[in-house]
Amino acid sequence: MRIFEKASFDFIGKRRTLFVVSAAVLLVFAATAIYFQVARGSWLNYSVDFTGGTLVQVRMTEQTSVAELRPVIDQAVPGSEITAFGEGSEFLVRAPQADGDASGGSEQIIDALQAQFGEQGYEIVRTEAVGAKVGGELQTRALLAILLSFATTLIYLAFRFEWRFGLAAIIATAHDVLFAMGFISVLQLDVALPTVAALLTILGYSLNDTIVVFDRVRENLPSVRREGFEAVLNRSINETLPRTVLTSLTTIVTLLALFLFGTGSLRDFALIMIVGVVIGTYSSIFIGAASLLEIEKRWPGERGGKPRARARAGATA
């Protein structure tokens, strides 16, 4: 089965409208991030991976509500956050670090649970403790990992194609990462190490999609004098459209299964990835090639000793 076999959509012709749409959505995300930064002191909801503290996942043997659990946990470690998931019998408790002892919080929580519900009333699924210094280092390293991936991407694309292609790919990928981070901020999803893994995966996925389109653009460049650069971009996107759509759909189906049947951080990871794949597909079709066209208009490349803009003008004369 082939879909979009004879597609001839004018994606590039709609680039200005879609630039405005993308900018508007990112502005909404930026405004929301500023609101959370002012109201809560942080625009992202960092987990104990980055802030330091204790995380305890507990499964109750009987149906228990957050309201029933809260006084028990608050008595053990005041200021803890409790999140229920599953069928209402499993909870994630995030306790802030106290007195410089990251592991002390989990012991206090377990003692309080045992005193209230008895040994048979609960099961500890997992505990994690991270010191504040380690959390700060992880935050810095996560940011460095994202920035380093951008730098190596630009170097790789400049070597394989031209710097114009590399810059356009960076614009499309940055668009996707900013969109994903805005989405995380708006929903106040937990920012843990799996979140960083999701962002880096989105970066790689988006980049791969954009490179597929750019590879076809490079193959079609010999006809640029006859067709013009805009037509070559449109043709390249249409020719890669079946691969782009089918790859995205199969990936999303897999991620949907993880989202529907996963729990905790795995579910958040799947949700962020679904948004990332959708936005990555959108940007590879509407943002990457369109950005390349705008860059080429300002700094035309050389083809056969002639600047491309001049070659296009010669083709239409």
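Analyst: On a 1 Å grid over the protein atoms alone, a cavity is a set of points where a 1.4 Å probe fits but cannot get out; a pocket is an open set with protein on both sides within 12 Å along at least five of seven lines, and lining residues have an atom within 4 Å of a point. Points are joined across faces, edges and corners, and the volume is the space filled by probe spheres set on them.

User: And what sort of model is this?

Analyst: It is a predicted model, in which local features need pLDDT of at least 70 and side-chain atom pairs count only at pLDDT 80 or more, while totals for chains, interfaces and linings use all residues. Residues are numbered from 1 along each chain as its sequence is written, and side-chain values use heavy atoms, with hydrogens and water left out.

User: How many cavities of 30 Å³ or more are there?

Analyst: The count comes to one cavity of 30 Å³ or more. The largest cavity holds about 40 Å³ of space.

User: Which residues line the largest cavity?

Analyst: Its lining consists of Asp190, Ala192, Pro194, Thr195, Ser265, Asp268, Phe269 and Ile272. Helices H7 and H10 each supply at least two residues of that lining, and H10 gives the most, with four residues. Helices here are DSSP runs of H or I with at least four residues, strands are E runs of at least two, and both are numbered from the N terminus.

User: What about the volume of the second largest pocket?

Analyst: The second largest pocket has a volume of about 350 Å³. It is lined by 19 residues, and Leu44, Leu143, Ile146, Met181 and Leu199 lie nearest its centre.

User: Which helix gives the most to the lining of that second largest pocket?

Analyst: H5 does, with six residues. At least two residues of the lining come from each of H5 (132-160), H6 and H7 (193-220).

User: Let me step back. What is the secondary structure of the protein chain?

Analyst: The chain comes to twelve helices and eight strands. Of its 317 residues, 47% are buried, where buried means under 20% relative accessible area, exposed means over 50% and partly exposed lies in between (1.4 Å probe, protein chains only). Among contacts (heavy atoms within 4.5 Å) with a separation of 6 or more, 78% join residues 24 or more positions apart.

User: On to charges: how many salt bridges are found in the whole structure?

Analyst: The search finds 14 salt bridges, each being a side-chain nitrogen of Lys or Arg within 4 Å of a carboxyl oxygen of Asp or Glu. Several of them belong to a network that links Arg216, Glu219, Arg226, Glu227, Arg235 and Glu239.

User: How far apart are the closest N and O atoms of Arg216 and Glu219?

Analyst: In the salt bridge of Arg216 with Glu219 they are 3.3 Å apart. Because the two residues are three places apart in helix H7, about one helical turn separates them. Glu219 counts as exposed at 53% relative accessibility.

User: Which other residue forms a salt bridge with Arg216?

Analyst: Glu239 pairs with Arg216, and the closest N and O atoms are 3.2 Å apart. This pair links distant parts of the chain, with Glu239 in helix H9 (residues 229-261) and Arg216 in helix H7, 23 residues apart. Both are partly exposed: Arg216 has a relative accessible area of 26%, and Glu239 has 31%.

User: And where do Arg226 and Glu227 come in?

Analyst: Their side chains meet in a salt bridge at 3.7 Å, N to O. Arg226 is exposed, with a relative accessible area of 64%, whereas Glu227 is partly exposed at 30%.

User: Changing topic: is Ser283 buried or exposed?

Analyst: Ser283 is buried, because its relative accessibility is 0%. Its place is in helix H10 (residues 264-286).

User: What does Ser283 touch?

Analyst: Leaving out residues up to four places away in sequence, Ser283 touches Ala172, His175, Asp176, Ser206 and Gly288. Ser283 and Asp176 are 107 residues apart in sequence, yet their C-alpha atoms are 7.2 Å apart in space.

User: Why is helix H11 largely enclosed by the rest of the structure?

Analyst: Helix H11 (residues 288-298) is largely enclosed because nine of its eleven residues are buried. Those buried residues are Gly288, Ala289, Ala290, Ser291, Leu292, Leu293, Glu294, Ile295 and Glu296.
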